[in-house]
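Let's take a friendly walk through this fold together. Keep the viewer open as you read.

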Amino acid sequence: MPMHTLPHLISDLALILIVAGAVTLLFKRLHQPLVLGYIVAGFLAGPHFSLVPTVRDLSSIETWSNIGVIFLMFTLGLEFSMKKIVKMGLRPILAACLVMGSMIGVGNAVGWSFGWSSTDCLFLGGMLAMSSTTIIYKAFDELGLRQRKFAGEVLSVLILEDILGILLMVILSATAASQQFQGAALVTSLLSLGFFLVLWFVVGIYLIPWMLKKTRPLMNGETLLIVAIGLCFLLVVLADKAGYSAAFGAFMMGSILAETVEAESIERVVAPVKDLFGAIFFVSVGMLVDPKVLIEYGPAIAAITIAILLGQSVLGSGAFLVAGHPLRVAMRCGFSLAQIGEFAFIIAALGVSLGVTSSFLYPVVVAVSIITTFLTPYMIKAAEPTYALLERGLPRSVRRLVREREDNLRSEENRDLEQSLTPLTAWMRYLRAVIVQTGVFLVLSIATIAIAFSSILPISRQLLTHWPGNILTGVLTLMLLGLFLRPIVMRKNHTAMAKFIARKRQGRLLLWLLGGVRFAIATAVVVYVLEFLSPFRWYYHILAAMVVVLLFIRLRRVKYYSIRMERKFIHNLRQREVAERRRNSDTAYVGRLAARDVHFARLVVPTCSRWGGRSLMELDFTQRDGILVAAILRQEQRINTPAGYNRIYPGDVLEVIADDQSLEAFTQRMQREVNVLPSADGADHTLRLRRFRIPSACNLVGLSVAESGIRDRFHCMLVGFEDEDGNIAIATARQVIERHATLWLVGEEQHLHSFAKYLV
């Protein structure tokens with residue numbers, strides 16, 4: 001009989017998972033990041049290590065790794081929210097831009113010093129600009145710093161770096177395609193990127209929450225997983241058709257789903273799939289590590305490592321300092337970013353897929369990532385002594401200026417944010433709101449025209465011949481455009497902000513001028529449609545377009561549907577925020593505390609915590625740890641300002657108020673005071689059923705089941721009594737144990753053995 005052989009894809013996958021499982025268990029034991037374990041596993045299973053079996057079909061593994069990138073970017077998008085960026089303020093945005101710009105320059109300088117090509121230098125700069133979110137999260141958790149104030153600033157910058165990393169990938173792709181910086185092409189690429197970003201986000205927010213709401217009764221974990229992944233890959237395909245990377249499409253769909261109430265459920269059900277394919281991606285990264293290349297480029301690896309450590313320590317700290325942070329906080333933030341990780345691998349993979357980077361760059365970056373990852377905890381710890389050393393070494397006048405600046409920053413943060421509204425600030429806010437709204441509706445108008453001309457027009461011409469088809473397409477297109485063009489002209493005209501600006505003559509003139517510009521934009525859109533479909537001269541089209549726009553303004557039905565559409569979008573955009581507000585009470589005090597020495601944090605009580613079932617009075621967090629418990633969150637229940645008699649249970653979320661040192665010590669104590677899981681102590685905790693016969697001289701004779709103490713003394717449960725026919729009757733608490741009675745007990749083996757010895 002013929003012998004059946006497995007496809008190489010399956011045997012390679014088996015090899016990858018077996019090696020990855022063994023290596024990651026070792027790394028888990030050594031308390032090292034799993035990402036490094038995957039990379040080492042990839043090296044062991046790759047073509048450059050011959051002591052173990054080697055993967056045969058690298059092309060299939062590359063396909064699996066591309067799927068891993070998609071899931072990594074999708075889950076990254078699920079953790080991102082447009083509203084988060086708005087609420088962060090300017091400090092994190094400025095810090096992120098300065099850090100990335102500085103490190104891109106450092107990477108280019110290092111590559112240039114070794115004589116590398118301009119493309120290699122450019123991609124190296126992009127990789128060095130991306131610190132590792134995963135590694136920093138893990139390092140903060142292990143060091144007990146997650147709740148510290150500076151850690152929040154670092155994590156905000158990491159979120160922004162991931163977002164800017166998407167833009168960086170687009171810029172690198174456009175630049176690599178032409179092999180040089182072309183200003184016009186780059187601007188066109190960025191405008192195109194902005195167009196598709198706004199279009200997909202707005203349409204997605206408008207349609208997807210509505211679809212999920214309608215199908216919510218039909219959703220369970222399995223169907224939600226399939227629907228979420230299906231939507232992810234739908235936008236991946238659309239992004240590819242538009243000329244963008246699959247990672248961009250996956251990230252966009254994740255950010256759209258992040259605004260829905262199902263976001264947390266989607267993140268939970270997708271996590272195992274992401275872990276699987278993400279592991280394959282990092283294993284594929286390890287396969288590219290060539291020891292010969294590492295030896296050959298050892299000086300470059302050392303130079304890049306030093307550049308990252310010094311660059312982030314000096315330039316990164318300087319970026320946070322310029323963004324408005326005190327020197328101490330700025331140094332702790334800058335030292336925390338001194339590594340590269342998963343996003344750098346994605347950028348490196350982009351260069352490989354485009355065929356524009358040298359073969360040595362990928363393994364060099366992987367080696368640098370491994371070294372800097374190991375050094376991350378030490379760099380975070382080194383920030384404080386370095387600051388102390390720097391402060392002692394500074395001249396007295398400079399130290400005084402540093403302290404005065406920190407005092408000024410603190411006083412600014414403590415100052416009430418409510419300020420009188422000046423005409424200039426009112427005008428800037430109004431102009432910003434109008435620009436954003438006009439841009440969004442203009443994108444929707446352009447998309448409507450593109451769809452109409454590419455889909456509706458050919459069908460209309462085929463059914464009705466040329467000119468009748470043009471007329472039908474024009475009417476349908478203008479009917480849809482009315483919903484988008486009216487807001488461009490009329491929205492924000494009667495708001496309180498506009499009335500405030502119109503109090504002065506100069507303000508009224510500016511409003512009239514801005515209104516004229518908005519009317520001209522709407523008219524130009526209609527003119528374009530008429531020019532494409534109508535045979536008349538252009539000046540007739542301008543007059544007709546002005547009449548059409550005025551008609552849109554006057555028609556009440558257009559106004560009604562336009563406002564209804566906008567309100568539905570805003571409702572979908574805010575629904576997750578509203579749901580969270582319903583679950584949680586107003587925590588406005590958090591922002592006021594964050595500017596002072598004490599601040600707010602949320603901590604989850606571990607599953608096996610020894611605190612479970614104990615009252616706040618017994619635990620005495622205030623006196624012992626300096627912690628104030630502001631609220632206890634238990635599933636849908638919220639206990640605000642709990643009293644001493646309130647108890648906490650595993651899984652509860654504690655909203656606490658304290659300073660950094662108290663929070664750090666409290667978090668470590670919470671993680672330390674847990675019970676050992678039964679499966680972790682090496683004993684057999686399986687329940688077993690045993691039959692026992694009571695001897696005549698036993699002390700249990702004449703006692704009831706309740707009085708016997710079988711449950712309390714021996715930790716066993718009396719199931720029942722066996723009669724002469726072999727039947728078992730369920731025991732009751734009042735039933736008396738007689739001589740020679742036959743008992744059936746359930747318990748662990750060691751407890752049953754103790755009971756048997758007692759009967760002897």
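This is a predicted model: local features need pLDDT of at least 70, side-chain atom pairs count only at pLDDT 80 or more; totals for chains, interfaces and linings use all residues.

Residues are numbered from 1 along each chain as its sequence is written, and side-chain values use heavy atoms, with hydrogens and water left out.

Start with the aromatic rings. Rings of Phe, Tyr and Trp (its six-membered ring) pair if their centres lie within 6.5 Å; planes under 30 degrees apart count as stacked, over 60 as edge-to-face and the rest as tilted. By this rule there are 19 aromatic pairs. In one of them, Phe-71 and Phe-277 have ring centres 5.3 Å apart and planes at 15°, so they are stacked. Phe-71 sits in helix H3 (residues 58-78) and Phe-277 in helix H12 (residues 263-287), so this pair ties together parts 206 residues apart in sequence. Helices here are DSSP runs (H or I, at least four residues), numbered from the N terminus.

Buried means under 20% relative accessible area, exposed over 50%, and partly exposed in between (1.4 Å probe, protein chains only). Phe-71 is buried at 3%, and Phe-277 is buried at 14%.

Now turn to helix H14 (residues 298-322). Just after H14, Gly-324 takes a positive phi of about 110°.

Terms used:
Helices (H or I, at least four residues) and strands (E, at least two) are DSSP runs, numbered from the N terminus.
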